[in-house]
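Trainee: I'm new to this structure and would like a close look at one part of it. Could you walk me through the surroundings of the ligand, and then what lies around them?

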Amino acid sequence: MRKEMTVKANAKINLILDITGTLKNGYHSIYTIMQSVDLYDTVTVSLNETGNIKLLCDKPIPCDERNTAYKAAQIFFNKTGIKNGADIKIEKRIPVSAGLAGGSADAAAVLAVLNKLTGKNLSAAELCGIGAEIGADVPFCLVGGTALCQDIGSVISVLPDLPSCFIVLAKPPQGVSTKQAYREYDAAPWIRRPKNELMLNAVVRQDLPDIASYCANVFEQVIDIPKRVDIKYIMSERGALASCMSGSGSTVFGIFHNKDDAEKCGFLLKLIVPDIFITTPQKSGIVFE
Ligand code: ATP
């Protein structure tokens with residue numbers, strides 16, 4: 001019998017994102033609180049007996065070793081010594097190079113599914129360890145929900161759920177390369193620090209207005225995205241509690257108390273930016289159907 005499984009791989013936003021230093025290996029250490037949202041790629045994986053990995057995607061991204069989902073299957077089979085291969089299909093909804101961890105979500109989905117399909121049943125910690133070798137956001141995408149992520153992003157502390165709200169995502173056409181974003185950060189003469197401790201405290205207290213007031217992202221100080229100012233202006237005019245860039249951009253998110261305000265804001269934003277998504281916070285990164 002052919003074993004196949006389909007999951008939803010949720011995107012994330014960064015409620016706060018600070019860069020706290022540079023590690024010996026040259027990577028930056030970060031302090032970020034990430035939140036899963038219900039904008040997702042659909043990832044289907046089946047085991048095959050050929051030992052090869054085959055990947056199909058409905059969007060123009062590389063489908064070979066450069067793809068994070070492909071890498072995830074490769075590394076899973078290498079680490080576990082399992083001789084199977086995998087057929088992977090990705091229906092992509094998460095925009096690419098958007099600061100929403102689309103690639104990391106796909107990799108996390110493949111790891112989570114292969115863990116079940118092969119019956120290997122690695123622990124969450126073991127799976128996150130493998131995920132961290134693919135990318136710093138993969139462990140969060142495996143865990144999902146609301147979490148503080150430190151070191152390069154792969155040291156995770158689970159936090160209480162974000163209070164119920166609506167999160168509008170506006171993705172300007174221009175994407176941002178994460179490498180370039182870090183280069184801009186390194187070249188910046190001075191950076192205003194976000195209020196990390198106060199944000200953590202607000203998240204723990206599940207105080208949405210306070211959380212919104214501490215949303216901040218240091219990359220906003222060094223990366224200029226066309227339309228970002230307009231998006232933030234519209235969000236704030238339409239009653240957003242906060243508007244902030246996610247990851248290294250270019251997506252801007254707005255947090256709203258109610259659906260009606262979020263939808264009206266989304267409608268207006270659509271006039272200036274094509275990719276608009278109305279989402280809600282999710283309690284997990286990977287959703288099994
Ligand atoms: P992050 O928020 O983690 O910085 P991002 O949303 O900015 O991620 P992605 O969309 O994950 O960026 O990926 C950016 C690059 O990775 C693109 O150049 C893309 O071609 C490549 N890539 C490799 N695999 C994938 C994948 N499965 N999905 C999307 N992009 C992928």
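Mentor: Happy to. Around the ligand there are 19 residues, and Ser97, Ala101, Gly103, Asp106 and Asp137 come nearest; a residue is near a molecule or strand if one of its heavy atoms lies within 4 Å of it. Before we go on, please keep in mind that this is a predicted model, in which local features need pLDDT of at least 70 and side-chain atom pairs count only at pLDDT 80 or more, while totals for chains, interfaces and linings use all residues. Residues are numbered from 1 along each chain as its sequence is written, and side-chain values use heavy atoms, with hydrogens and water left out.

Now for the polar contacts, that is, pairs of N or O atoms within 3.5 Å; within protein, one must be able to donate a hydrogen and the other to accept it, and residues adjacent in sequence count only if both atoms are side-chain atoms. Asp106 places a polar side-chain atom 3.0 Å from a nitrogen atom of the ligand. Asn67 also has a polar side-chain atom 3.0 Å from a ligand nitrogen atom.

Asp137 sits in the loop between H3 and helix H4 (138-143); helices (H or I, at least four residues) and strands (E, at least two) are DSSP runs, numbered from the N terminus. Leaving aside residues up to four places away in sequence, Asp137 touches Lys12, Met34, Ala101 and Ser104, where contact means heavy atoms within 4.5 Å. Lys12 is 125 residues from Asp137 along the chain, and their C-alpha atoms are 9.3 Å apart.

Helix H3 (residues 124-134) leads us to a helix pair: H3 packs with helix H1 (residues 68-80) at an angle of about 130°, their axes 10 Å apart. Axes are lines fitted to C-alpha atoms, for helices over the stretch in contact, and angles run from 0 to 180 degrees between N-to-C directions. That angle makes H1 oblique to H3: angles under 35 degrees count as roughly parallel, over 145 as roughly antiparallel, 65 to 115 as roughly perpendicular and the rest as oblique. The two helices meet through Thr68, Lys71, Ala72, Ile75, Phe76 and Lys79 in H1 and Leu127, Ile130, Glu133 and Ile134 in H3. By class, this contact of H1 with H3 has six nonpolar, one polar and three charged residues. Here Ala, Val, Leu, Ile, Met, Phe, Trp, Tyr, Cys and Pro count as nonpolar, Asp, Glu, Lys and Arg as charged, and the others, Gly among them, as polar.

Asn121 lies in the loop between helix H2 (102-117) and H3. Asn121 is not a glycine, yet its phi is positive, at about 50°. For background, most residues other than glycine have a negative phi. A polar atom of the Asn84 side chain lies 3.0 Å from the backbone oxygen of Asn48. Apart from residues up to four places away in sequence, Asn84 touches Leu47, Asn48, Glu49, Gly51 and Phe77.
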